[in-house]
Amino acid sequence: MSKPVTDLLVRNARLVATMDPQRTEISGGWVAVAGGFVTGVGPSGSEPADAVRTIDAGDCLVTPGLINTHHHLYQNLTRAYRPALGGSLFDWLRTLYPLWSRLDEEAAHVSAWIGLAELALSGCTTSTDHLYVHPEGAGDLISAEIAAATALGVRFHPTRGSMSLSVKDGGLPPDRVVQSDEVILAESERLVAAHHDASPGAMVRVALAPCSPFSVSTELMRATAELAERLDVRLHTHLAEDPDEDDFCLEMFGMRPVDYFDHCGWAGDRSWVAHCVQPDPAEIARLGRWGTGVAHCPSSNMILGAGVAPVRELSEAGVPVGLGVDGSASSDSGSLWTEARNAMLLARLRDGRARRDSLFTARQALELATRGGAACLGRAGELGELSVGACGDIAVWRLDGVAFAGAWSDPVEAWLRCGPVSACHTVVAGRAVVSDGRLVADSEQMLRDHRRIAARLQSL
């Protein structure tokens, strides 16, 4: 039997950090991809003789493609919006909800394309999205996002977000951006039937994602968990993000957010949550027992003043921890490399003198950005590592030039300590999305459309 044709060979790397179960690192290594999956990884001299396309990764670090486990792509239409700067999380949301109420299908499509392109430039090959604003008459926003991801060629895990409690119900969002429980559940089931692909190597998977305890009813939280189990899809929401959330849950439900999460039937390994800045030690232990994942969003947490998430404690408790860019109206930048660097620095700051003998490393941050993200999305062993049979999602990072002068002792530490860095090549299922530091797709018309739509949303 003849060997399968190698579609792509990445060779001659300064280092291949496979992030496989043994965390194998190969100096001078190579990675081969055929049919969208990794078919070989090895040292120099053992690579396949023929390949349709070859990338010379000399002076480069090669890693699995990075994974973004929490985002609100539409928010790049309101980046750095001055009236929302400063104040608490709740103040920030109240300022921006009226602008987001102007979303429509075109806005969702264009903002998703731009946001996913920005992520790809930062080495991200798989991204989630949490779109929970569905104004009346706006159209099918999730399908519009999926079309953008498909056009770009990136792997996409959109979540059907929802809000059902408006200001009149004691919630936070205005009336015009919430929906009834019946509409939300029907739309959730329709989108899963239309787009969710459970097969290995899937490019699109759909999850269900009520926004937060302060924007949906208890009945919707419970019904969504039941629907997700019946459809066998994942669950996502915000949890323990801010002290305001603690106060809201105590006042409304008589319990803290993690207790409420359990009360609603979400405790388990089908769920992953965003932020989780405020859990106490007992709550961290419970999350670990449940296997509930956490999307750590360091830049957003810093910008909004939410605090520093207990990443080391979560990981040591057995909680799967990935990284999230979060909405571009809070983090303002869609770079997974930036999130990995900030995760490393914040963990070191939080540890302080108490853990000086074992400070958080670049490899631990890379773990969050790859294997941790795959675990949050229920795709461990398939994404987030370079091993035979895994998806052929690869990021190639140049480690030369002025920014890396003198950084020769450890390519992984250099990758995150020096820089800033964008990906030289971003490959999804063996196909280039970014090549030589540039998007393969033309972005000019999308940028013009984005500028026009952003101006419309921000006009008062």
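**View 1. The cysteines of this predicted model form zero disulfides, a disulfide being a pair of cysteine sulfur atoms within 2.5 Å.** Let us start with cysteine 297, whose closest cysteine sulfur, in cysteine 376, is 10 Å away, too far for a bond. Cysteine 297 is also buried, at 0% relative accessibility; buried means under 20% relative accessible area, exposed means over 50% and partly exposed lies in between, using a 1.4 Å probe and protein chains only. For cysteine 418, the closest cysteine sulfur belongs to cysteine 60 and is 15 Å off, again too far for a bond.

A word on reading these views: this is a predicted model, in which local features need pLDDT of at least 70 and side-chain atom pairs count only at pLDDT 80 or more, while totals for chains, interfaces and linings use all residues. Residues are numbered from 1 along each chain as its sequence is written, and side-chain values use heavy atoms, with hydrogens and water left out.

View 2. Helices (H or I, at least four residues) and strands (E, at least two) are DSSP runs, numbered from the N terminus. Which residues of H4 are buried? They are Asp181, Ile184, Ser188, Leu191 and Val192. An α-helix has 3.6 residues a turn, so residues three or four places apart point the same way. The buried residues of H4 pack against helix H3 (141-152), strand S10 (155-162), strand S11 (207-210) and helix H5 (218-231), with contact meaning heavy atoms within 4.5 Å. On the face turned away from the buried side, look for the exposed residues Glu182 and Ala193.

**View 3. Arginine 155 and aspartate 393 form a salt bridge, 2.8 Å from N to O.** Strand S10 holds arginine 155, and the loop between helix H12 (362-376) and strand S16 (394-398) holds aspartate 393, so the pair ties together parts 238 residues apart in sequence. Both partners are buried. The structure holds 28 salt bridges, each a side-chain nitrogen of Lys or Arg within 4 Å of a carboxyl oxygen of Asp or Glu.

**View 4. Arginine 456 meets aspartate 104 in a salt bridge, with the closest N and O atoms 3.4 Å apart.** Arginine 456 lies in helix H14 (residues 444-458) and aspartate 104 in the loop between helix H1 (89-100) and helix H2 (105-121), so this pair joins parts 352 residues apart in sequence. Arginine 456 is partly exposed at 34% relative accessible area, and aspartate 104 is partly exposed at 25%.

**View 5. The largest nonpolar core has 120 residues.** Such a core is a set of buried Ala, Val, Leu, Ile, Met, Phe, Trp, Tyr and Cys residues joined through side-chain atoms within 4.5 Å. Trp92, Leu93, Trp100, Tyr132, Trp397 and Trp415 have the most contacts inside it. Helix H2 gives the largest share of this core, 10 residues. A second, separate core of 16 residues includes Val33, Ile55, Ile394 and Val396.
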